Every structure is written in C-alpha cells, then in structure tokens.
Amino acid sequence: MHCWIPKTVKPSKPNLLLIHGFGANAMWQWGNYLRPFIPRFNVYVPDLLFFGESYTNHLERTEHFQAHCLKKLMESFDVQKLSLVGVSYGGFAGYSLASHYPDSIEKVVLCCSGVCLEEKDMKDGLFKVSDLDEAASILLPQTPDKLRTLVKMSFVKPAAAKAVPSYFLRDFIEVMCTHYIEEKRDLIQNILKDRQCSNLPRISQPTLIVWGEEDQVFPLELGYRLKRHIGDNAELVVIKNAGHAVNLERSKEFLKYLKAFLIDNNARVHHHSSSHNSVKDNINGKNNDD
C-alpha cells in the first residue's frame, strides 16, 4: 500500500486517516484538505488497494480486506489510535475498520457512503442505474461520454462538463481510469453481493454522517438509514445544493462540519503532509509537507 504520511510525527497530536472514494487516487481527492488539518493532526492519506499506487496479489475484494490492510498499514507506522474520514467507497472501508477495531478508532466521519444499502435496493429501483454492470461502466468511465455521465451524477451543477473537449477527457481517463479495471469491477460487485443492513454491525464511536441532499449515486435515504442503524452515537448533516461529490462541490461547508466535529470537540455539529515510501503486500508511505 502507498500512503502519504506526516513529515514529522508529533506524539502530542491525534492521528487522522483520510480514506478516498471511488475516483482516481487519495491525493486527487484529499489534497485541498491537508492544510487545515496538518497543524492539528498527524495526517495519513493512503491509496486504497487498486487505486493510485496500491495493489495486492491477494484475491479478496471486500471492504473488510481493505480495512484489514489499512489497520496493518497504520500499525506499520506505529499508529495505535486514530479518527477517520471516509468518502463514498472509502466510508465502506472506514466503517469496517471502526467495527472490527473499536478500541483503535476514536471518531468516524462518513460522507455519502451507502454502507446501509442492501442487495434488493438495486431491484427495488433505489438507484439511478439498473444493474451493477451499468454502475461499473459509469464509476469506471472508459469513454468521454461515460465520464460526463459520472460528473453529471456526482455534482448538482456539473462544471460545464459538456464543454470540456473529448480529447481532454480521454487524457484524464488514460491517466486516472485505466488501471486495475477488473479488480475495481470486483470491488463494486462485492459491495452489493448478499448485502443486508440487518447483518451490518453497529459501530459505537461518535459518528458524523455528511450527505449531499441531491446525491444521485447513493440517495439521501441511505443517509437516514445509516443514522437509524447507528443510533444515538451518530449525527446526520445534510448539505443543500450538493450531490455525491459534496466534499468537492461544497468543500468549505464540508470542511466546516469536519472541523467542528474533529477539532472543536462539539458533541453535536450545529447546522447554521508528506515524503515518500511504497508497499507490495506490506506497507509504504509518502510524507505530508506542511
């Protein structure tokens, strides 16, 4: 596994793990969030398996395996306790990490993460896509039109996606979307396979759930479902005029809630980095420069 790690670890600081979603790599999604957190935390930003520079020869493709590898990664840096933020697919891995290692995880933030979805939701028409093959074709875009569809589904106001020349989109796909395609398809399949909310363990950590009100990938219903599932330890914040990519589309608002929850120690959120190493089935890291 590849990970951006603190240039200097300060034992007096708490540790923060930022887990990316199903797009590109860790730094592409989290780069703009490092500056506010580095003064307060030892920040770790890993590439999940089959994203960025992380990969494995193991055949397991579950969020639980991702979580297990993240735990081993953190142990390799001698990180025993941490809080985490997981966006979309990253929230699946983060939730699994919190449920399997409750003594190690202090606070949890889940952003637009459909952890409480069930296999029958696809048949029941909860999602815009009709089946997993269509979902994979959008989440793993291989043509400019599919990439435009992904942008349209992720943002309330897609930033002129239609106006972006196809040659630019092809270049983006070539750099960001052509590696480990089959493995990523397997990851998508394993999210839904035999999934039932009743089988999902309840996490006990203080949890902030953040959702874009107009999320077309994981509809807001899944946010309410997750809040009910976790119970009193969780709070749900719904951000208006935002879609699935709420962390990118409403970054200032998203950051405000993160800071209130992670830094200000508010029991309730009120509505109103790095140098370089790398891992083959063991662990490596890169550093966060301040």
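Biologist: Before we start, what does buried mean here?
Modeller: Buried means under 20% relative accessible area. Keep in mind, too, that this is a predicted model.

Biologist: Great. How many residues of S6 are buried?
Modeller: Six of the six, so S6 is largely enclosed by the rest of the structure. S6 covers residues 207–212.

Biologist: And which residues sit on each side of S6?
Modeller: Thr 207, Ile 209 and Trp 211 are on one side, while Leu 208, Val 210 and Gly 212 are on the other. Every one of them is buried, which leaves both faces of S6 covered.

Biologist: OK, neighbours next. In what sense do S6 and S7 pair?
Modeller: They pair in the parallel sense, over six bridges. To find the pairing on screen, look for Leu 208 opposite Glu 235 of S7, and for Gly 212 opposite Ile 239 of S7.

Biologist: What about S5 and S6, how many bridges join them?
Modeller: Four, and those two strands also run parallel. S5 spans residues 105–111, and Val 108 stands opposite Thr 207 in S6.

Biologist: How many residues of S7 are buried?
Modeller: Five of the six, so S7, at residues 234–239, is largely enclosed by the rest of the structure.

Biologist: What do S6, H10 and S7 make together?
Modeller: They form a β-α-β unit that is right-handed, with helix H10 at residues 221–230.

Biologist: Switching to helices: at what angle do H6 and H7 pack?
Modeller: At about 95 degrees, with their axes 8 Å apart. An angle of 65 to 115 degrees counts as roughly perpendicular, so H6 and H7 are roughly perpendicular to each other.

Biologist: Which residues make the contact?
Modeller: From H6 there are Ser 137, Ile 138 and Leu 139, and from H7 there are Lys 146, Thr 149, Leu 150 and Met 153. By class, four residues in this contact are nonpolar, two are polar and one is charged.

Biologist: New topic. Where does Met 122 lie?
Modeller: Met 122 is in helix H5, residues 119–123. Its relative accessible area is 13%, so Met 122 counts as buried. Met 122 and Leu 132 are ten residues apart in sequence, and their C-alpha atoms are 8.3 Å apart in space.

Biologist: Is Phe 50 buried or exposed?
Modeller: Buried, at 2% relative accessibility. Phe 50 lies in the loop between strand S3 (42–46) and helix H3 (63–76).

Biologist: And what is phi of Cys 112?
Modeller: Phi of Cys 112 is near 50 degrees, again a positive value in a residue other than glycine. Cys 112 sits in the loop between S5 and H5. With a relative accessible area of 0%, Cys 112 is buried.

Notes:
Residues are numbered from 1 along each chain as its sequence is written. This is a predicted model: local features need pLDDT of at least 70, side-chain atom pairs count only at pLDDT 80 or more; totals for chains, interfaces and linings use all residues. Side-chain values use heavy atoms; hydrogens and water are left out. Buried means under 20% relative accessible area, exposed over 50%, partly exposed in between (1.4 Å probe, protein chains only). Two strands pair if DSSP finds at least two bridges between them. A crossover is right-handed if, with the strands pointing away from the viewer, the path from the first strand over the helix to the second runs clockwise. Axes are lines fitted to C-alpha atoms, for helices over the stretch in contact, and angles run from 0 to 180 degrees between N-to-C directions. Angles under 35 degrees count as roughly parallel, over 145 as roughly antiparallel, 65 to 115 as roughly perpendicular and the rest as oblique. Contact means heavy atoms within 4.5 Å. Ala, Val, Leu, Ile, Met, Phe, Trp, Tyr, Cys and Pro count as nonpolar, Asp, Glu, Lys and Arg as charged, and the others, Gly among them, as polar.
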